[in-house]
Amino acid sequence: MEHYLIKTYGCQMNIHESEKLAGMMQSLGYTETDSEDNADIIVFNTCCVRDGAEQKIYAHIGALKKLKKAKPDLIIAICGCMTQVNGRPETIKSKFPFVNIIFGTHNLNEFKKYIIQFKANRKYICDVWPEARYLDEHIDTYRTSNNNAWINISYGCNNFCTYCIVPYVRGRERSRNFADIIEECKDAINDGYKYITLLGQNVNSYGNDIDDKNVTFANLLKEIAHLEGDFRLKFMTSHPKDLTEDVVRVIADEPKIAKVIHLPIQSGSNKILKSMNRNYTREKYLSLIDMIRKYIPDCYISTDIIVGFPGETEQDFEDTYNIINQVRYDGVFAFMYSKRDGTLASKMDNQIDIAVKRERVNKLLAQSKKITKEKNMEAVGKSYNVIVNSFDAINRLYNCTTDSGKSIVVMADNLDINSFYKVVVTEFSKNKLFGKIGE
Ligand code: 5AD
Ligand code: SF4
């Protein structure tokens, strides 16, 4: 029996695409392993959103040199966003001549063909398409995220935020066919998945490239939420410039939609937002938060922030810092700006010193940690929808997670694993939430 190992870097889109790669390899008779020594094929599904990710990936590929020498038949394949960057396939090949197959995001579907071809003649394959030739439909997906099924609703991005490399490596936005998405959701629900998470770089612009005014994100959410079955619906990522009141109302009205919104702000300074080409102001963003909380008072809201964008002054940073105190996010993902070749921001003056970026990111993360802790204390007495993940028989405790992924330890008798319950939080201690069944 032959084995595969996939190393996945980056976002949920990549995690899901690795499930497609796994499905393809399984259909060729491979089974999964978590040991490099045991693997006959190792795939690196890469990310290039920040330089840190790329450097880590280079180090991990380099570490395979010895193994490949000892096991010359081992196939090493590299795919994902990094291979779509101009010149990267050549760099990878020259640094690591032992790599066998390189392909890109637009031809993920062709992986099976490349494996068969490589096994037939053992000749190096490098095939990276500059753009998509078809939508990735009907791939055998091998889902690996427990009770969650990731489902793409669109690929690519049209926004060209000036720091971001995604539009260059993922191409223009392509929305999937409405009926195909619904079918995939139905299949996942019938297969017993409890969470459906819709994926797109900007889910709110779903359907803008389809010539039918009923094909909108709000209608898609509504239709999925009305499917039969016991499940919760989630989605990511929302862009503040496109998140509309009708979408928020659908989330509020539909019991099967999780009350969870990831809404990246990136910066709290209007000057920086403009320079980032985000197309909203701090005031517009804050009014969106008010609108969300008007319809969904207990909505879990998280965000992404970039610190140290070119030209960011102490005052600009203060504006961002103040926003996290004002919004009191449930989760903050803060990153130091990383210069990406080919993007507009990489050519801007006033690039910020790494030490300043580090100081700012640490300050932001420390504050958001403090807020998260306060929010956990405020959770006592509140009711949450949870799913039961496992049972700790020794202590007779159930490990549960809320729709937003927060852990709650529940003391109860005879709960069903992988089922939903309503739980009231009774205590927050030692950084853990405890609860009991009840509304
Ligand atoms: N540098 C730092 N962070 C970035 N992101 C995207 N591009 C960059 C970059 N060049 C962050 C954004 C985005 C998240 C997925 O990654 O905050 O929302
Ligand atoms: Fe990148 Fe902006 Fe598109 Fe998000 S919306 S993928 S940050 S260009």
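Biologist: Is Asn-350 buried or exposed?

Modeller: Asn-350 is exposed, with a relative accessible area of 57%, where exposed means over 50%, buried means under 20% and partly exposed is in between, all with a 1.4 Å probe and protein chains only. This is a predicted model, in which local features need pLDDT of at least 70 and side-chain atom pairs count only at pLDDT 80 or more, while totals for chains, interfaces and linings use all residues. Residues are numbered from 1 along each chain as its sequence is written, and side-chain values use heavy atoms, with hydrogens and water left out.

Biologist: And where does Asn-350 lie?

Modeller: Asn-350 lies in the loop between strand 14 (331-336) and helix 13; helices (H or I, at least four residues) and strands (E, at least two) are DSSP runs, numbered from the N terminus. The phi of Asn-350 is near 60°, which is a positive value in a residue other than glycine.

Biologist: What about the phi of Asn-146?

Modeller: Asn-146 has a positive phi of about 50° although it is not a glycine. Asn-146 sits in the loop between strand 6 (125-127) and strand 7 (148-152), and it counts as exposed at 71% relative accessibility.

Biologist: Which peptide bond is cis?

Modeller: The bond from Met-236 to Thr-237 is cis, with omega near 10°, and Thr-237 lies in the loop between strand 11 and helix 9.

Biologist: Since you mention helix 9, how do the axes of helix 8 and helix 9 cross?

Modeller: The axes of helix 8 (residues 217-225) and helix 9 (residues 245-253) cross at roughly 10° and come within 9 Å, the axes being lines fitted to C-alpha atoms, for helices over the stretch in contact, with angles that run from 0 to 180 degrees between N-to-C directions. The two helices, helix 8 and helix 9, are therefore roughly parallel to each other, a label for angles under 35 degrees, whereas those over 145 count as roughly antiparallel, 65 to 115 as roughly perpendicular and the rest as oblique.

Biologist: Which residues meet there?

Modeller: From helix 8, Phe-217, Ala-218, Leu-221 and Lys-222 meet Asp-246, Val-247, Val-250 and Ile-251 of helix 9.

Biologist: OK, which residues of helix 8 are buried?

Modeller: Those are Phe-217, Ala-218, Leu-220, Leu-221, Ile-224 and Ala-225. Seen down the axis of helix 8, the buried residues fall within an arc of 165°, so they line one face of the helix; the arc is that of the directions from the helix axis to the C-beta atoms.

Biologist: What covers the buried residues of helix 8?

Modeller: The cover includes helix 7 (178-190), strand 10 (195-199), strand 11 (232-236) and helix 9, where contact means heavy atoms within 4.5 Å.

Biologist: Switching to helix 2, which of its residues are buried?

Modeller: In helix 2 the buried residues are Ala-53, Glu-54, Ile-57, Tyr-58 and Ile-61. Viewed down the axis of helix 2, the buried residues fall within an arc of 135°, so they line one face of the helix. They pack against strand 3 (41-46), helix 3 (65-70), strand 4 (75-80) and helix 4 (88-95).

Biologist: Last one: which residues is Asn-376 in contact with?

Modeller: Leaving aside neighbours within four places in sequence, Asn-376 is in contact with Lys-406, Phe-428 and Leu-433. Asn-376 belongs to helix 13 (residues 354-378) and, at 11% relative accessibility, counts as buried.

Notes. Chains are lettered from A and ligands numbered from 1 in the order in which they are written.
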